[in-house]
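These are my notebook entries on a structure that I have just opened. I record what I looked up, entry by entry.

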Amino acid sequence: MLSDKSKAFIENLRLYLVTSGKKQKEINELIDELKVHLIEAEKQGKSIDEMIDCTPEQYMNSLKREMDTDYKNLIKNVIIIFAGVIAYLIMGSAIKGESSRSISCKS
């Protein structure tokens, strides 16, 4: 099994690549391959730092440059995040009681 540090690195890498707009299929393939290499390295007593041979930021940036960007999915995610922020702002004031909405029905 992987150490906690390796698990955290993999999850951070996945999040970084997803938010960078990389293709999900490529991310999954990369993560699966990296897990295999990390398991083997840890069996030999090596840490994640020894395996990637640079800082985590440098490693993530090098992977990001090598992978294709999925612009369609990236735009979709930006729209979803924007809609979530707008909903949060509207609902936040409504929950705090700072705004009110009413519908009046006239007969």
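Predicted model: local features only at pLDDT ≥ 70, side-chain atom pairs only at ≥ 80, totals over all residues.

Entry 1, helix α2.
I took helices as DSSP runs (H or I, at least four residues; strands are E, at least two), numbered from the N terminus. Helix α2 covers residues 24-43, and I31 lies in it. Is I31 buried or exposed? I found I31 buried, because its relative accessible area is 0%.
I looked up its relative accessible area, which is 40%, so E40 is partly exposed. The C-alpha atoms of E40 and K7 are 14 Å apart, and the two residues are 33 apart along the chain.

I counted a salt bridge where a side-chain nitrogen of Lys or Arg lies within 4 Å of a carboxyl oxygen of Asp or Glu. How many salt bridges does this rule give? The count is one salt bridge. E40 pairs with K43, and their closest N and O atoms are 3.9 Å apart. Side chains of opposite charge can pair when their charged atoms come close. Both E40 and K43 lie in helix α2, three residues apart, which is about one turn of the helix. K43 is exposed, because its relative accessible area is 64%.

For packing I used axes that are lines fitted to C-alpha atoms, for helices over the stretch in contact, with angles from 0 to 180 degrees between N-to-C directions. Angles under 35 degrees count as roughly parallel, over 145 as roughly antiparallel, 65 to 115 as roughly perpendicular, and the rest as oblique.
Helix α1 (residues 4-19) packs on helix α4 (residues 56-66) at about 45°, and their axes are 11 Å apart. I therefore recorded α1 as oblique to α4.
Between α1 and α2 I read an angle of about 160°, with the axes 11 Å apart. These two helices, α1 and α2, are therefore roughly antiparallel.
For handedness, a crossing is left-handed if the near helix is turned anticlockwise from the far one by less than a right angle, and right-handed if clockwise. The crossing of α1 and α4 is right-handed. The crossing of α1 and α2 is right-handed.

E57 is in helix α4. Its relative accessible area of 53% is why I listed E57 as exposed. E57 and G84 are 27 residues apart in sequence, and their C-alpha atoms are 28 Å apart.
S62 is in helix α4. With 22% relative accessibility, S62 counts as partly exposed. From S62 to E26 the C-alpha distance is 14 Å, across 36 residues of sequence.

Patches are made of residues with over 30% relative accessible area and no salt bridge; like charges are joined within 9 Å, and nonpolar side chains (Val, Leu, Ile, Met, Phe, Trp, Tyr) within 5 Å. Accessible areas come from the Shrake-Rupley method with a 1.4 Å probe, and for residues only the protein chains shown count as cover. Which residues form a nonpolar patch on the surface? I listed I81, F82, V85, I86, Y88, L89, I90, M91 and I95, which together have about 1,000 Å² of accessible area. I95 lies in helix α5, residues 71-96. I95 is exposed, because its relative accessible area is 68%.

Notes
Residues numbered from 1 in each chain as written. Heavy atoms only, no water. Buried < 20%, exposed > 50% of the residue type's maximum accessible area, 1.4 Å probe, protein only.
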